[in-house]
Amino acid sequence: MTDNNLPGPGQPTPQPGSPSGQPGQPQQPGQQLPPYQPAPQQAGGPPAKGKVRQQQAGVTKPRQATVAEQRARAAALKAQQERFAAESAAFEKKRKTRKRLLIGGGVTVGVIALVAIWYAAASPKNVTAQCTDSNNVIVDDDYCDQKYYSSHGGYTSGGFIYIGGSSYRYNYGGSGAVGQKVTGGSYTIPKGANVSTKSGTSVQRGGFGVSSGSSSSGG
């Protein structure tokens, strides 16, 4: 059997490092074979698959934005500024409206309070007067009526009404019925009040803090 890898008659014996069956140069002692290098990439060919580019800080330069990207960024920035301006205007409008409402409410409350005070001062108080004797017992209103005691020889002095040997005077604001002792009230006529008896006789007409009527009717 013949080995095809053996050199034929007259052919040199292949040296280590040479392809089998091809003549090679004799290897010198200590000589190493060069490392394997791939064939260079042809221009315009597809990039090598699986190759990853790494960026290094301070070394790798950022890619310049395209015209379309620059326009998109400018449009987004403009929209953000317009939205911020609209929100600021709406907030300012709401703040001014709230301030006007608070001021208007305060003025309204102040005016209402002033009118209420003025009305209370301008509106005279209605007080009921009852005729009483020297023992503070309630008697008929006629004993304190000017027409009655004048026609019966009576007179007034020091706030009292004298008829015969008895004295009478008005109690203002007290309560009770004829024949009972008056409860509460005062024997000083209130100023600025409308004073009248239960029978409807007017003792004093008041208003705005000014009293009127005959002072001889009461004490």
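This is a predicted model: local features need pLDDT of at least 70, side-chain atom pairs count only at pLDDT 80 or more; totals for chains, interfaces and linings use all residues.
**Aromatic pairs**

A pair of aromatic rings is described by the distance of the centres and the angle of the planes. Over the whole structure, a search returns 5 aromatic pairs. In one of them, formed by Y143 and Y148, the ring centres lie 5.7 Å apart and the planes meet at 70°, so the arrangement is edge-to-face. The angle exceeds the cut-off, since edge-to-face requires planes over 60 degrees apart. Another pair joins Y170 and Y172, whose ring centres are 6.2 Å apart; the planes stand at 40°, and the pair is therefore tilted.

| Residue | Relative accessible area | Class |
|---|---|---|
| Y143 | 30% | partly exposed |
| Y148 | 25% | partly exposed |
| Y170 | 2% | buried |
| Y172 | 4% | buried |

The classes follow from the cut-offs, because buried means under 20% relative accessible area and exposed means over 50%, with partly exposed in between.

**A charge over a ring**

A further aromatic ring, that of Y187, has R169 over its face. The distance from R169 to the ring centre is 3.7 Å.

**The surroundings of P190**

P190 lies in the loop that runs between β4 (166–172) and β5 (193–197). With a relative accessibility of 26%, P190 is classed as partly exposed. When neighbours within four places in sequence are set aside, the contacts of P190 are V127, Y172, V195 and Q204. One of these contacts, Y172, is also a member of the tilted ring pair. V127 is 63 residues away from P190 along the chain, yet their C-alpha atoms are separated by 8.2 Å.

**The surroundings of S167**

S167 is part of strand β4. Its relative accessibility is 15%, and S167 therefore counts as buried. Apart from neighbours within four places in sequence, S167 makes contact with T132, D133 and S134, and also with F160, I161 and Y162.

Notes:
Residues are numbered from 1 along each chain as its sequence is written. Side-chain values use heavy atoms; hydrogens and water are left out. Helices (H or I, at least four residues) and strands (E, at least two) are DSSP runs, numbered from the N terminus. Buried means under 20% relative accessible area, exposed over 50%, partly exposed in between (1.4 Å probe, protein chains only). Contact means heavy atoms within 4.5 Å. Rings of Phe, Tyr and Trp (its six-membered ring) pair if their centres lie within 6.5 Å; planes under 30 degrees apart count as stacked, over 60 as edge-to-face and the rest as tilted. A charge sits over a ring if NZ of Lys or CZ of Arg is within 6 Å of the ring centre and within 35 degrees of the ring normal.
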